[in-house]
Amino acid sequence: MLDEINIASKELAKGAKMLSKHCENCGFPLFERDSKEYCPNCKSEKIVSILDDKKINKEFKSHDITYKGKSEVLDKKIEYLFKKLDEETEITRINEISQAICALIKIKKYT
Ligand SMILES: [Zn+2]
């Protein structure tokens, strides 16, 4: 689980965006950068066009609004925690924040 956080924070630091989708191979959260959707864990990637993305969003909305809403809340919190983690210098706080991120990623996986 700590590895996942390391990978994810590196991707966020590079300016990638964490998506509310997961890798088909390993279940790791997918990231998006330069119109590419990729899994930083098993290095699989695919190029997504903006059109495709819009289509997916539309499908998402018509299928399950609650799911999307929940997922967005989790994404926001995870991003917030990563920012906090970046600023934090106290070991106990870093530990606390890491655990909170772990918990959120876990929830995200099963949402
Ligand atoms: Zn993967």
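Helices (H or I, at least four residues) and strands (E, at least two residues) are taken here as DSSP runs and are numbered from the N terminus. With that convention, the elements of the protein chain run α-β-β-β-β-α-α-α from the N terminus on, which amounts to four helices and four strands. The model is a predicted one, in which local features need pLDDT of at least 70 and side-chain atom pairs count only at pLDDT 80 or more, while totals for chains, interfaces and linings use all residues. Residues are numbered from 1 along each chain as its sequence is written.

Of the 111 residues of the protein chain, 12% count as buried, where a residue is buried if 20 or more other C-beta atoms lie within 10 Å of its own, exposed if 12 or fewer do, and partly exposed in between, with the C-beta atoms placed from the backbone. Contacts are defined on C-beta atoms placed from the backbone as well, two residues being in contact if these atoms lie within 7 Å. Among contacts between residues at least 6 apart in sequence, 34% join residues at least 24 apart.

**The N-terminal helix**

Helix α1 covers residues 2–13, and because its twelve residues at 1.5 Å a residue should span 16 Å, the computed separation of 16 Å between its end C-alpha atoms agrees with expectation. The expected span is 1.5 Å times one less than the number of residues in the helix. After α1 comes Gly15, whose phi is positive, near 95°.

**Strands β1 to β3**

Two strands are said to pair if DSSP finds at least two bridges between them. Strand β1 (residues 17–22) pairs with strand β2 (residues 29–33) in the antiparallel sense over three bridges, and β2 pairs with β3 in the antiparallel sense, again over three bridges.

The hairpin of β2 and β3 has two residues between the strands. Asp34 lies in the loop between β2 and β3 (36–38), and Ser35 is found in that loop too. For Asp34, phi is near 50°, a positive value in a residue other than glycine; for Ser35, likewise other than glycine, the positive phi is near 60°. Asp34 counts as exposed because it has 8 C-beta neighbours inside 10 Å, and Ser35 counts as exposed because it has 11.

**Residues in α3 and α4**

Lys83 is found in helix α3 (residues 65–87), and Ile107 has its place in helix α4 (residues 91–110). Lys83 is exposed, since 12 other C-beta atoms lie within 10 Å, whereas Ile107 counts as partly exposed because it has 15 C-beta neighbours inside 10 Å. Each of these residues is also one end of a C-alpha separation across the sequence, as tabulated below.

| Residue pair | Separation along the chain | C-alpha separation |
|---|---|---|
| Lys83 and Ala13 | 70 residues | 9.6 Å |
| Ile107 and Lys70 | 37 residues | 10.0 Å |
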